[in-house]
Amino acid sequence: MTCANCALTIESSLKSHPGVKEAYVNLSAERASIVFDSEQVKVKELAERVKSIGYDVVTEKATIAIGGMHCAMCVTTIEKAINELDGIINTSVNLATEKAVVEYIPQVVSLEEIKNKIREVGYEVIDVEEEAGDSEERARLRELHKLRNYLIFTVLLSIPIVLYTYLPEQYLPFYEVRKIILFALTTPVQFIGGYRFYKGALGALKNKTANMDVLVALGTTAAYVLSVFNTFLFSGDAFYETSALLLSFILLGKYLEAVTKSKTSAALKKLVELKAKTATVIRNGTEVELPIEEVQVNDIVLVRPGQKIPVDGIVIEGTSFVDESMITGESIPVEKKPGDSVIGATVNKFGSLKIKATAVGRDTVLSQIIKTVESALGSKPPIQRLADIVARYFVPTVIAISIATAIFWYFIIDPAIFGWSESRFIFTFIASVAVLVIACPCALGLATPTAVMVGVGNAAQHGILIKSGDALEIAYKIDTIVFDKTGTLTIGHPTVTDIVPLSKKFTEQDVLYYAAIAEKASEHPISEAIVNKAKELNIEIPHAQDFVAEPGKGVLTSYNGHQIIVGNIDYLKSRNLIIESNIDEAVKNLESEAKTVVGVVLDKTLIGLIAIADEIKPYAKEAINALKAMGISVIMITGDNEHTAKAIAKKLGIDAVMARILPKDKASAIKKLQSEGRLVAMVGDGINDSPALAQADLGIAIGSGTDIAIETGDIVLMTDDLRKVVDAIDLSKKTISKIKQNLFWAFVYNTAFIPIAAGLLFPILHYLLKPELAGLAMAMSSVSVVSNSLLLKRWKPLS
């Protein structure tokens, strides 16, 4: 807000919203006080209303680690519970990472209230600091050990249960009280081994949802209660082994799933483990070893050969080679000398270095990488939304199918006509319980996040930061990639190759002298090339007056009573300057050699030409050929004239060129391609090309490896190796492909196995699936989905 009118605009908009009784906006405090009917309108809607008229609402984001999640319905349960709180803008719960990312308005709801809401619905909140990965890992290990102990407990008791169920009486002592023994053995299995499922089911029902725990609790309780009735009240069959084996198999599956799932986050754990634990700091002339948390900005840090560089900084003394592979994915050590920047967690290979710390703690590159990766894992790609919708209705549908199965076999069709020899009730009971426990919402819930976790983590290890699930899915669909030329396809450090005087009055040095005077105040790469050439020839460059830069065209200045203009030929022609008619051929010859040509004008007369060339990056052609092999159209965008642009494009094997595009027009050029129905990715500098990167369907920013936070782009490359563009696209394709495989398996499994559990095969094959085997199949389906995602670890980058 900037004025009173802003406040009135917001007030008016809020007051017109249904359910709002009164609204007052305080301009100085920048706060809105609103009286509204909570039955008609939610705080989230009011925040959206403010945003819709061009203002922002101050929100905070929190990442909460959660224990006790089992399936996709757990995700739905937690999201629904949190979203019921006023002040929640957005909630995204990830089953694979077991974390919730919550955006909320802190003035309306506190983080503690959000955590309490999670606890209310039966889940554990793991209270750890954002940086304290070790605490979170310990909490995960505790959960794994607890699950293992429950599994051992249920299996040890299930063995005698199975023996007393299936062995003949001559092999068993006290066979006459077999049911009492089975009751005594099964009861602790049911209520201790099954405790986690009862707890989860009660939490879900309390929140008016149903999850996998509800299905397991229903199926095992039905078997247990019927067995108890037939032990103490009636004389029918007991199904103690069904309950015990069901819980044993499901716990086995859950344990294997947890072990397998922990492997999906291996890449993220490796990033966290890269952090140095201590640093040698020079204070008052003395070397002091300190915990990394105590190192401050501007501290002087000593790093000996073989040690990790503990913080981001600038080398002030010493030379060495530093292994940056763990951050950038580049295997060749990089030379570092005074003035060079270094990244924390990289390894000093040879000489000792003194470094002045420039970023510590959460501000380091590594911390930013970890934060970016965790943010990506907390987001959901669009492909997950179908699974979320199915999961929402999944459990109620399965319960309905189970009831329908019972009605069908008990009241409509007698299984005896197909050869069933036992009672109709037993068949009905087995089929309906099998339906309950074979259905697997877990596989649906794990299909996407486990693949995203492995894919995004793998990318980060190779110097590719994928910022969201959306970026992953869009990269999979991209059909056109636009590369900026300067600094992206080329090294970005052009050099002067030719100086052509156009009058006998002026030498090459004269032309360069006047050009350097004009270009001295400019930061453009071409200006730097001209100034550097003048310095190389020991030409003194005086300061000019009245400097004016026209982006993409040229510069104007005055010096010692003379007007100097340096710019492209078209720009010079547009200013009605004195230009010889035969100049075009000389320009064309230079441009055909992939050189950029500028003219130097002194007092309205063109006195010479300067040609500048920029070296093409290593591997640029290899990357472009690989993208073309994928069927992706490659386009180069540049401010250069068409001759120069086409010459460079020809060297690179690029067929399409967008030339003479000024920096401010790049976004419009991208928009034009999109209007043709293309899905466009833009590759460029994360700062200078921000508008174009933002306009593109997918922005790929080439980072310097030092500042991820300010980079515009959905994907950030930690180095300028263009093969990483290919890697990012390729890994995205493989990750989305893996998600599709997982979802296909999850849907096929449930579609095929639920009817089998309901007795579909019995009339044909005379086979009825036992509930305990149904439970095992359910548990293994989750393990198979996670294992399939882990196959992504085999991916190898082109770079």
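Modeller: A word on terms before we start: two strands pair if DSSP finds at least two bridges between them, and helices (H or I, at least four residues) and strands (E, at least two) are DSSP runs numbered from the N terminus. This is a predicted model, in which local features need pLDDT of at least 70, side-chain atom pairs count only at pLDDT 80 or more, and totals for chains, interfaces and linings use all residues. Residues are numbered from 1 along each chain as its sequence is written, and side-chain values use heavy atoms, with hydrogens and water left out.

Biologist: How many bridges join strand 7 to strand 8?

Modeller: Strand 7 (residues 278–283) and strand 8 (residues 286–291) run antiparallel and are joined by six bridges, with Thr280 partnered by Glu289 of strand 8. The two strands form a hairpin with two residues between them, and Asn284 in the turn has a positive phi of about 55 degrees.

Biologist: And what about strand 7 and strand 9?

Modeller: Strand 7 also pairs with strand 9 (residues 300–303), in the antiparallel sense over three bridges, where Ile282 has Ile300 as its bridge partner.

Biologist: Switching to helices, at what angle do helix 26 and helix 28 pack?

Modeller: Helix 26 (residues 723–757) and helix 28 (residues 771–790) pack at about 170 degrees with their axes 9 Å apart, the axes being lines fitted to C-alpha atoms, for helices over the stretch in contact, and angles running from 0 to 180 degrees between N-to-C directions. Helix 26 is therefore roughly antiparallel to helix 28, a term for angles over 145 degrees.

How values were computed. Parallel < 35°, antiparallel > 145°, perpendicular 65-115°, else oblique.
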